[in-house]
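Visitor: Could you go through this structure with me, one topic at a time?

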Amino acid sequence: MLNMKANMILDAKGLACPMPIVKTKKAMNNLEAGQVLEVQATDKGSKADLKAWSESTGYQYLGTLEEGDVLKHFLRKSSNDESIGKKHPNVISNEELEKNLEASENIVVIDVREAAEYAFNHIPNAISIPLGELENRVNELNKQDKIFVVCRTGNRSDFAAQKLTENGFTKVINVIPGMSQWTGKTTGINR
Amino acid sequence: MTVKGMTSKEVTQRVFNKEELFILDVRNESDYKDWKIDGENFKYLNVPYFELLDGVEEVIEKIPTDKEVLVVCAKEGSSVMVAEMLSDAGLNVSYLKGGMKSWSEHLEPVKLGDLNDGGEIFQFVRIGKGCLSYMIVSHGEAALIDATRMTDTYLEFANSIGAKITRVFDTHLHADHISGGRTIAEKTGATYWLPPKDATEVTFDYQPLEDGNDITIGNTVITIHALYSPGHTIGSTSFVVDNKFLLSGDILFIDSIGRPDLAGKAEDWVGDLRETLYKRYRELSEELIVLPAHFMIIDELNNDGSVSENLGTLFAKNHGLNIEDENEFRRLVTENLPPQPNDYQKIRQTNMGKISPDMDEQREMEIGPNRCAVR
């Protein structure tokens with residue numbers, strides 16, 4: 001089983017509509033920006049409703065895992081860092097990265113989104129290192145490699161690229177905007 | 001403040017009587033777009049319940065105060081919540097008891113007419129899903145055709161008129177709803193009849209329903225004459241009842257014709273469909289009253305809520321019966337078909353006895369509108 005690493009788990013099992021969403025709404029209020037909530041529900045209708053509700057509220061609906069009768073929904077409270085200017089100078093567009101990927105197989109792509117975001121949808125062969133874990137896992141990476149860093153909108157990857165540069169990496173490229181607009185190949189659970 | 005629940009039966013009466021009703025549907029947008037309660041004089045507003053968790057201020061001015069208002073959701077819970085909020089804000093509203101789940105399952109019996117020597121024929125209108133089933137009664141005996149899975153409704157109805165169900169028929173292997181035929185046969189000891197060409201994969205015993213079979217109900221003669229009429233499925237069979245009614249199954253509807261693609265390839269059966277509609281049905285009396293297994297739109301309902309029309313009128317008015325050119329007909333029934341019904345493959349497997357989903361799963365499989373026809 002993949003470790004989805006939700007920051008909080010909400011038990012809404014056995015509850016009928018509208019309660020799963022009522023409870024999810026409260027839980028999301030208590031979550032910090034950028035954190036992931038796992039909602040466990042048995043109401044089949046909760047999937048379509050949570051998805052539509054997330055879209056209308058601006059939360060990120062990541063996906064749903066079905067385990068027996070239990071639906072595990074993953075939602076992320078988007079961070080409000082979207083407006084912060086990006087600092088890492090070396091960037092590449094989604095389209096350019098896609099061309100690079102098509103041309104060569106030995107390309108290192110680091111996906112710094114949360115594990116749950118990565119699990120449902122990511123570029124094939126991208127390595128998952130959530131931004132919060134990067135500091136401790138930097139030694140997994142090779143300083144000689146050209147490293148493409150991707151997240152959802154280009155902000156977390158900008159932080160990650162800066163962090164890698166501070167650690168002596170010289171060929172780090174931030175992918176702009178990232179997975180939110182990615183039209184190339186992806187893989188993940190539920191597909 | 002407590003709010004009133006309105007039953008599916010009460011809503012059905014408002015549909016039949018063409019009454020006014022304002023429906024606030026609080027399901028999510030895609031569910032609402034897919035399928036809703038249809039009424040000629042109904043007005044609608046769709047706002048998902050999860051948009052209203054913080055209050056109903058935004059919708060309150062869009063809700064009329066001079067009309068009956070019904071709040072609708074999938075299973076009732078959210079509509080009660082929203083109805084109570086509206087009621088607290090001073091509005092007089094009801095919610096739909098059991099939600100769309102109960103709407104999908106409601107059957108309204110309507111008497112269609114009298115048959116030879118005191119016999120009667122009833123149509124069960126599944127208003128939310130457009131399925132039509134039939135009960136033919138004579139001298140304490142009843143035959144049931146194209147029964148839905150809400151088997152208790154038929155059993156209770158038969159009981160209430162003092163009839164025993166002795167024969168159960170399906171005109172074809174259904175792909176849009178789960179048949180109650182086999183269950184009713186088991187509960188009543190009736191025989192269950194299926195067209196053998198549709199039943200090659202079924203896992204249970206049945207009586208083969210063949211072209212030319214004449215079945216008599218009661219101790220007087222009400223003939224149910226089976227007429228092989230392939231096209232929607234390869235086995236599709238129609239019935240001529242008492243030389244008066246033509247039960248056309250999913251071959252011919254009031255304003256449309258059957259689609260040939262739900263049990264295989266449309267191209268394979270388009271010839272059969274044409275042969276049935278343009279030759280076999282042409283040989284029948286135009287006085288026959290056509291009773292289909294579905295209606296598609298609420299306009300097809302007669303004033304009493306029933307669905308029926310003279311065969312002659314359909315020959316004159318139904319577009320699908322008036323396409324001279326065979327290639328044009330082929331295009332109509334093979335191209336640009338509406339989406340296939342939800343879970344139609346699983347529904348077929350259930351009707352074959354290959355899988356036995358529980359009640360909740362059966363409900364899920366049937367959710368949504370009926371899509372058995374092409375216009």
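Visitor: In which helix of chain B is Asn351(B) found?

Guide: Asn351(B) is found in helix H11 of chain B, which covers residues 344-351. Helices (H or I, at least four residues) and strands (E, at least two) are DSSP runs, numbered from the N terminus. This is a predicted model: local features need pLDDT of at least 70, side-chain atom pairs count only at pLDDT 80 or more, and totals for chains, interfaces and linings use all residues. Residues are numbered from 1 along each chain as its sequence is written, while chains are lettered from A and ligands numbered from 1 in the order in which they are written.

Visitor: Is Asn351(B) buried or exposed?

Guide: Asn351(B) has 24 other C-beta atoms within 10 Å and is therefore buried. A residue is buried if 20 or more other C-beta atoms lie within 10 Å of its own, exposed if 12 or fewer, and partly exposed in between, with C-beta atoms placed from the backbone.

Visitor: Which residues does Asn351(B) touch, leaving out those up to four places away in sequence?

Guide: Asn351(B) touches Leu173(B), His174(B), Ile178(B) and Ser179(B). Two residues are in contact if their C-beta atoms, placed from the backbone, lie within 7 Å. Between Asn351(B) and His174(B) there are 177 residues of separation in sequence, and their C-alpha atoms are 7.0 Å apart in space.

Visitor: Now the whole of chain B: how many helices and strands are there?

Guide: Chain B has 12 helices and 20 strands. Its C-alpha trace spans about 65 × 50 × 40 Å along the principal axes. Of the 375 residues in chain B, 50% are buried.

Visitor: What radius of gyration does chain B have?

Guide: The radius of gyration of chain B is 21 Å, which agrees with the value near 21 Å for a compact globule of 375 residues. This radius is taken over C-alpha atoms, and the globule rule is 2.2 Å times the number of residues to the power 0.38.

Visitor: At what angle do H8(B) and H10(B) pack?

Guide: Helix H8 (residues 266-280) and helix H10 (residues 326-334) of chain B pack at about 125°, with their axes 10 Å apart. H8(B) is therefore oblique to H10(B). Axes are lines fitted to C-alpha atoms, for helices over the stretch in contact, and angles run from 0 to 180 degrees between N-to-C directions. Angles under 35 degrees count as roughly parallel, over 145 as roughly antiparallel, 65 to 115 as roughly perpendicular and the rest as oblique.

Visitor: Which residues of H8(B) and H10(B) meet?

Guide: On the side of H8(B) they are Ala266(B), Glu267(B), Val270(B), Leu273(B) and Arg274(B), and these meet Glu326(B), Phe329(B), Arg330(B), Val333(B) and Thr334(B) in H10(B). By class, the contact of H8(B) with H10(B) has 5 nonpolar, 1 polar and 4 charged residues. Ala, Val, Leu, Ile, Met, Phe, Trp, Tyr, Cys and Pro count as nonpolar, Asp, Glu, Lys and Arg as charged, and the others, Gly among them, as polar.

Visitor: On to chain A: at what angle do H1(A) and H2(A) cross?

Guide: The axes of H1(A), residues 19-30, and H2(A), residues 46-57, come within 10 Å and cross at roughly 40°. H1(A) and H2(A) are therefore oblique to each other. In this contact, Pro20(A), Ile21(A) and Thr24(A) of H1(A) meet Ser46(A), Asp49(A), Leu50(A) and Trp53(A) of H2(A). The residues of the contact divide into 4 nonpolar, 2 polar and 1 charged.

Visitor: And what is in chain A as a whole?

Guide: Chain A comes to 6 helices and 9 strands. Buried residues account for 39% of its 191 residues. Its C-alpha atoms fill a box of roughly 55 × 30 × 30 Å along the principal axes.

Visitor: Where is Ile107(A) found?

Guide: Ile107(A) is in the loop between helix H3 (94-103) and strand E6 (108-111) of chain A. Ile107(A) counts as partly exposed because it has 17 C-beta neighbours inside 10 Å. Not counting residues up to four places away in sequence, Ile107(A) touches Asn100(A), Leu101(A) and Phe148(A).

Visitor: How many residues does each chain give to the contact between chain A and chain B?

Guide: Chain A gives 13 residues and chain B gives 16. On the side of chain A, H2(A) gives the most, with 5 residues. That side has 8 nonpolar, 2 polar and 3 charged residues.
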